[in-house]
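Reader: I have a two-chain model open on my screen and would like to learn how to read it. Could you walk me through a few features?
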Amino acid sequence: MAAIGSRSKLGDILWPVVAWTVALIFFFPIFWMVFTSFKTDADAVKPEFLFFFTPTLENYLNMTENYDYWRFAINSVITASFATIFALAVGVPAAYAMAFNPTKRTKDVLVWMLSTKMLPAAAVLYPMTYLTKNFLNIFDTHFLVILVLCLINLPIVIWMLFTYFKEIPKEIIEAGQMDGVNTWGEIKDILLPLAWGGLASTALLCFIFCWNEAYWTVRLTTTEAATLSKLIEGNRAPEGLFFGRLSAVSTAAVGPIVVLGWFCQKQLVQGLTFGAVK
Amino acid sequence: MNNRTIARLLQTPAVLLLLVWMLVPLGLTLYFSFLRYVLNSLRKPEWTVPQLSNWRGFGNYEYVLYKSKDFWFAIQNSLLIVGSILVITVVLGLAIAILVNRSFPGRGIVRVLLISPFFVMPAVNAVLWINMILDPVLGLNGLAIEGLNHLVAGLKDFPILGHFFALWPELEPISFRATQTSAYAVIMMVAWQWTPFAVLIFMTSLQSEDQQQKEAALLDGASAWAQFVYLTIPHLARPIAIVVMIQSIFHLSLYAEIEIVSRGNGNKNLPYLIGEFTSNNIGAASATGIFAVILANIVAIFLLRMVGKNLVD
């Protein structure tokens with residue numbers, strides 16, 4: 001805990017070394033997964049090839065045969081994208097109304113929306129299965145996965161958009177109203193261009209949450225609409241002999257999202273703490 | 001139409017969707033929790049259909065509370081897992097946030113490396129840790145212990161010093177697939193994933209700390225420790241509370257990690273127990289679900305109060 005004035009020479013050298021060491025330790029499991037993905041399944045469990053081995057792309061090239069990777073990946077892309085689009089389509093008008101025409105109840109509505117996020121999913125698992133299987137006949141469809149992903153992320157989307165919209169001066173919107181622009185025009189021509197950055201990061205974060213969701217996507221699908229979470233979860237058994245291929249498919253499943261995540265660190269804080277930490 | 005009507009109309013789809021999403025499944029869970037309802041029953045086939053004539057009152061609740069010994073174990077285990085994760089992530093998160101709050105070469109890269117685990121999907125996190133890192137034979141856990149034993153065995157051949165190392169026992173790698181150890185495995189992997197979250201939030205908050213106040217304290221001769229205890233900790237009180245509450249809500253419904261790590265070995269938390277009941281006894285599953293909702297609500301009320309207060313009218 002070096003204070004501002006008490007920096008010593010030793011501290012100046014030691015501090016970055018400690019910080020880098022901690023960071024590398026935290027990153028190590030991810031590094032190890034990527035590293036192992038270039039080993040053959042046989043090499044991956046041999047201590048003599050722990051660090052030195054002949055790298056191979058075989059695991060990536062065989063991903064389709066071994067795991068049918070692309071089918072699951074495409075399902076993940078489809079469901080996460082559409083869920084994000086729908087969440088924004090429903091969320092933007094709602095957040096717009098709450099930010100620019102707040103009533104006495106707006107605060108309560110926002111807090112209530114958040115409270116729906118806190119319902120433990122396991123508590124309503126069976127009713128969801130029961131309804132979607134027996135009555136609605138939408139079990140294991142893309143439609144269902146998209147709907148559920150959209151609903152579980154809607155509170156966060158509205159909350160994030162609300163915090164962004166609130167920062168836009170009300171006068172700009174009111175000026176538009178004076179000029180006789182209708183509501184749709186206000187949203188499309190005034191609000192969206194101004195809140196573009198906030199909108200993009202909200203979408204990005206929503207997409208990441210959809211992609212990583214592991215409860216509903218696993219429980220409400222079997223084959224048709226199964227996503228990458230389901231694929232990985234299905235390979236939970238001790239697969240000692242398949243570390244190489246398992247690493248490759250895992251890397252392919254998380255790689256794009258980890259990289260996307262690097263770009264929205266700041267928004268993550270806002271999105272996950274609902275603007276309570278600045 | 002005036003503005004108010006339009007505003008109300010614009011909110012309607014979101015409100016309606018969330019209302020249905022919240023009320024319908026929860027209402028059904030509540031209804032099922034008062035019924036005798038099982039998926040398979042040769043003796044009483046009428047119990048396989050949810051209907052009012054199978055009304056059981058609070059029977060399912062009594063069954064869960066008093067007759068199924070798993071319930072209290074699951075509650076205890078849920079609290080053990082959530083509590084341990086909270087302590088680890090907050091302490092580590094604070095330390096690391098302070099560590100990277102100072103400028104040094106490559107700070108940007110360090111931040112990127114630190115935050116990465118948070119974006120790994122839970123299923124991959126669990127599969128990666130339990131197989132490649134913690135497996136007692138093939139994982140790094142096993143390899144490291146084996147290497148250590150090898151090293152000690154080599155040292156035994158040294159003159160004089162060898163007598164000392166000869167006293168060392170052969171080390172056994174810990175297996176993380178037993179009931180209690182697999183709970184530790186879950187704690188480890190979730191703490192790895194969520195410490196970055198705590199770091200990120202504490203870091204954001206540290207940047208808004210009043211530097212002038214710190215400099216004034218320095219001029220008054222306050223030690224670094226005193227500054228930390230009397231200035232930084234009070235400044236971080238709110239973010240710490242938020243980290244604790246958000247994580248509690250997420251980790252109380254932990255599922256994927258438990259399922260992957262400890263399938264069938266007896267390690268369970270509340271959501272996992274509900275999953276087990278769901279394979280046949282829907283009545284008990286629903287009653288347990290209602291308990292889970294109550295538990296989550298206790299935490300949620302505090303969080304919502306805090307977040308709600310923050311809204312600028």
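Author: Gladly, beginning with the interface: 105 residues of chain A are in contact with 104 residues of chain B, where contact means heavy atoms within 4.5 Å. This is a predicted model, in which local features need pLDDT of at least 70 and side-chain atom pairs count only at pLDDT 80 or more, while totals for chains, interfaces and linings use all residues. Residues are numbered from 1 along each chain as its sequence is written, chains are lettered from A and ligands numbered from 1 in the order in which they are written, and side-chain values use heavy atoms, leaving out hydrogens and water.

Reader: How much area is buried between chain A and chain B?

Author: Buried area is the accessible area (1.4 Å probe) that two parts lose on being put together, summed over both. Here the value is about 9500 Å², and carbon and sulfur atoms give 78% of that.

Reader: How many salt bridges are there between chain A and chain B?

Author: A salt bridge is a side-chain nitrogen of Lys or Arg within 4 Å of a carboxyl oxygen of Asp or Glu. The count between these chains is one. A:Arg219 pairs with B:Glu259, and their closest N and O atoms are 2.6 Å apart. Helix α1 (residues 9-36) of chain A gives the largest share of the side of chain A that touches chain B, 18 residues. Helices are DSSP runs (H or I, at least four residues), numbered from the N terminus.

Reader: Is B:Asn141 buried or exposed?

Author: Buried means under 20% relative accessible area, exposed over 50%, and partly exposed in between (1.4 Å probe, protein chains only). B:Asn141 counts as buried because its relative accessibility is 14%. This residue lies in helix α6 (residues 140-155) of chain B. A polar atom of its side chain is 2.8 Å from the backbone oxygen of B:Ile174.

Reader: What should I know about phi when I look at A:Asp68?

Author: Most residues other than glycine have a negative phi. A:Asp68 is not a glycine, yet has a positive phi of about 60°. A:Asp68 sits in the loop between α4 (63-67) and α5 of chain A, and counts as partly exposed because its relative accessibility is 31%.

Reader: And what is phi for A:Asn137?

Author: Phi of A:Asn137 is also positive, near 55°. This residue belongs to the loop between α7 (125-135) and α8 (142-166) of chain A, and is exposed, with a relative accessible area of 63%.

Technical notes
Helices (H or I, at least four residues) and strands (E, at least two) are DSSP runs, numbered from the N terminus. A polar contact is a pair of N or O atoms within 3.5 Å; within protein, one must be able to donate a hydrogen and the other to accept it, and residues adjacent in sequence count only if both atoms are side-chain atoms.
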